[in-house]
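Please read it alongside the sequence and the coordinates.

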Amino acid sequence: MPVHTNGNLSSLPLWEFVLDGFRGGVETQALLFAVFLALYMVTILGNLTMIVVITLDARLHSPMYFFLRNLSFLDLCYSSVIAPNAIVNFFSSSKVISFVGCATQLFFFSLLATTEAFLLAVMAYDRFMAICSPLRYPVAMCPATCAHLVLSTYCGGCLNSIVQTSLTFQLPFCSNNHIDHFFCDVPPLLQLACANTAVNELLLFGLCGFIIVSTTLAVLVSYGYITVTILRMRSGLGRHKVFSTCGSHMTAVSLFYGTVFVMYAQPGAVESMEQGKVVSVFYTLVIPMLNPLIYSLRNKDVKDALRRLGQRHTAM
């Protein structure tokens, strides 16, 4: 990094940052270590189980479960970008992360989280097609189309990640290298910059706001049509099954979009880091842990597939 000067503040060539994490003594750190470790282990177990079950059970080889398997993969990956380093730092005296390591963590976190936001919208569109246009569904959501939709979510995530990461790390940073967070994220990094960050904050608010609003609108419009279609159904059993499946997705969408909105899509969000840390725990650990539980406990097909897989394993 080059050396810049800005008034009386000088920015030094920083080669590493320190992740301050959460405040508190040894007992607090030990408690947080146990909570983070438990959440991460359940996240790994739950999402790996979903991936394995959907892959092995031929009855789940449909577009909905193809997207659900990709959601589990994203949850597994973006929790793994954050959790292991955070867990280690609870009992680390240095809590140091290299400049390159910090940029890499921010890039992959932004990539995977943005991709998940787009994927949740794609999953809503898939349910819209399945329920509102069942005759066109097999052709409209063929394997090639599903693959292209998933690829487009990654492209959107990659574009946002490149913009956020490049603009954040081109800023000159002050001699203070302590990040007031448990992982490298845009808001706490902006607080270390020795330059005017108004453009960065506006871009963060604008891009994240656009992504959240556009994907939320896609979900709401899809479920608006779905609701009308469900209410017209004569079969009470069919209506219950559709509500159960759609209810799982709406629960996951509400949790994810709600917490991300609080953190990124409101003006002045970068000013409240203590609130930001708590909110960040929800969308980096709690939600990836809850998603497999939401979809498995409220989905009869997944529960049946788990039962069949267990019976097959027992028979062997």
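Among contacts in the protein chain between residues at least 6 apart in sequence, 79% join residues at least 24 apart. The model is a predicted one. Its secondary structure comes to 10 helices and five strands.

**Chain totals**

- The protein chain has 316 residues, and buried residues make up 48% of them.
- The accessible surface of the chain comes to about 15,100 Å². Carbon and sulfur atoms account for 69% of that surface.

**Packing of H2 with H5**

- Helix H2 spans residues 63-89 and helix H5 spans residues 143-169. The two pack at an angle of about 25°, with their axes 10 Å apart.
- Angles under 35 degrees count as roughly parallel, and H2 and H5 are therefore roughly parallel to each other.
- H2 passes H5 in a right-handed crossing.
- On the H2 side, the contact is made by Pro63, Phe66, Phe67, Asn70, Phe73 and Leu74. On the H5 side, the contact is made by Cys146, Ala147, Leu149, Val150 and Tyr154.
- The residues of this contact between H2 and H5 divide into 10 nonpolar, one polar and no charged.

**Packing of H5 with H7**

- H5 also packs with helix H7 (residues 198-231), at an angle of about 170° and with the axes 11 Å apart.
- That angle makes H5 roughly antiparallel to H7, as angles over 145 degrees count as roughly antiparallel.
- From H5, the residues in the contact are Asn160, Val163, Gln164, Leu167 and Thr168. They meet Asn200, Leu203, Leu204, Leu207, Cys208 and Ile211 in H7.
- The contact of H5 with H7 is made up of seven nonpolar, four polar and no charged residues.

**Packing of H3 with H7**

- The axes of helix H3 (residues 99-132) and H7 come within 9 Å and cross at roughly 20°.
- This makes H3 roughly parallel to H7.
- The crossing in which H3 passes H7 is left-handed.
- H3 contributes Thr114, Ala117, Phe118, Leu120, Ala121, Ala124, Tyr125, Arg127, Phe128, Ile131 and Cys132 to the contact. H7 contributes Ile211, Thr215, Ala218, Val219, Ser222, Tyr223, Tyr225, Ile226 and Thr229.
- The residues of the contact of H3 with H7 divide into 15 nonpolar, four polar and one charged.

- Asn160 is placed in helix H5. With a relative accessible area of 7%, Asn160 is buried.
- Not counting residues up to four places away in sequence, Asn160 touches Ser110, Thr114, Leu207 and Ile211.
- Val81 is placed in helix H2 and is partly exposed, with a relative accessible area of 21%.
- Leaving aside neighbours within four places in sequence, Val81 is in contact with Gln105, Phe108, Phe109 and Leu112.
- Val81 and Phe183 are 102 residues apart along the chain, and their C-alpha atoms are separated by 9.2 Å.

- Ala252 is found in helix H8 (residues 236-264) and counts as buried at 1% relative accessibility.
- Apart from residues up to four places away in sequence, Ala252 touches Asn291, Ile294 and Tyr295.
- The C-alpha atoms of Ala252 and Ile287 are separated by 7.7 Å, although the two residues are 35 residues apart along the chain.
- Ser296 lies in helix H9 (residues 273-297) and counts as buried at 10% relative accessibility.
- Once neighbours within four places in sequence are left aside, Ser296 is in contact with Met50, Val302 and Lys303.
- Ser296 and Gly46 are 250 residues apart in sequence and 9.2 Å apart in space, C-alpha to C-alpha.

**A backbone point: Lys95**

- Lys95 is placed in the loop between H2 and strand S4 (96-98).
- Phi of Lys95 is near 55°, a positive value in a residue other than glycine.
- Most residues other than glycine have a negative phi.
- At 16% relative accessibility, Lys95 counts as buried, the cut-off for buried being under 20% relative accessible area.

How values were computed:
Residues are numbered from 1 along each chain as its sequence is written. This is a predicted model: local features need pLDDT of at least 70, side-chain atom pairs count only at pLDDT 80 or more; totals for chains, interfaces and linings use all residues. Side-chain values use heavy atoms; hydrogens and water are left out. Axes are lines fitted to C-alpha atoms, for helices over the stretch in contact, and angles run from 0 to 180 degrees between N-to-C directions. Helices (H or I, at least four residues) and strands (E, at least two) are DSSP runs, numbered from the N terminus. Angles under 35 degrees count as roughly parallel, over 145 as roughly antiparallel, 65 to 115 as roughly perpendicular and the rest as oblique. A crossing is left-handed if the near helix is turned anticlockwise from the far one by less than a right angle, and right-handed if clockwise. Contact means heavy atoms within 4.5 Å. Ala, Val, Leu, Ile, Met, Phe, Trp, Tyr, Cys and Pro count as nonpolar, Asp, Glu, Lys and Arg as charged, and the others, Gly among them, as polar. Buried means under 20% relative accessible area, exposed over 50%, partly exposed in between (1.4 Å probe, protein chains only). Accessible areas come from the Shrake-Rupley method with a 1.4 Å probe; for residues, only the protein chains shown count as cover.
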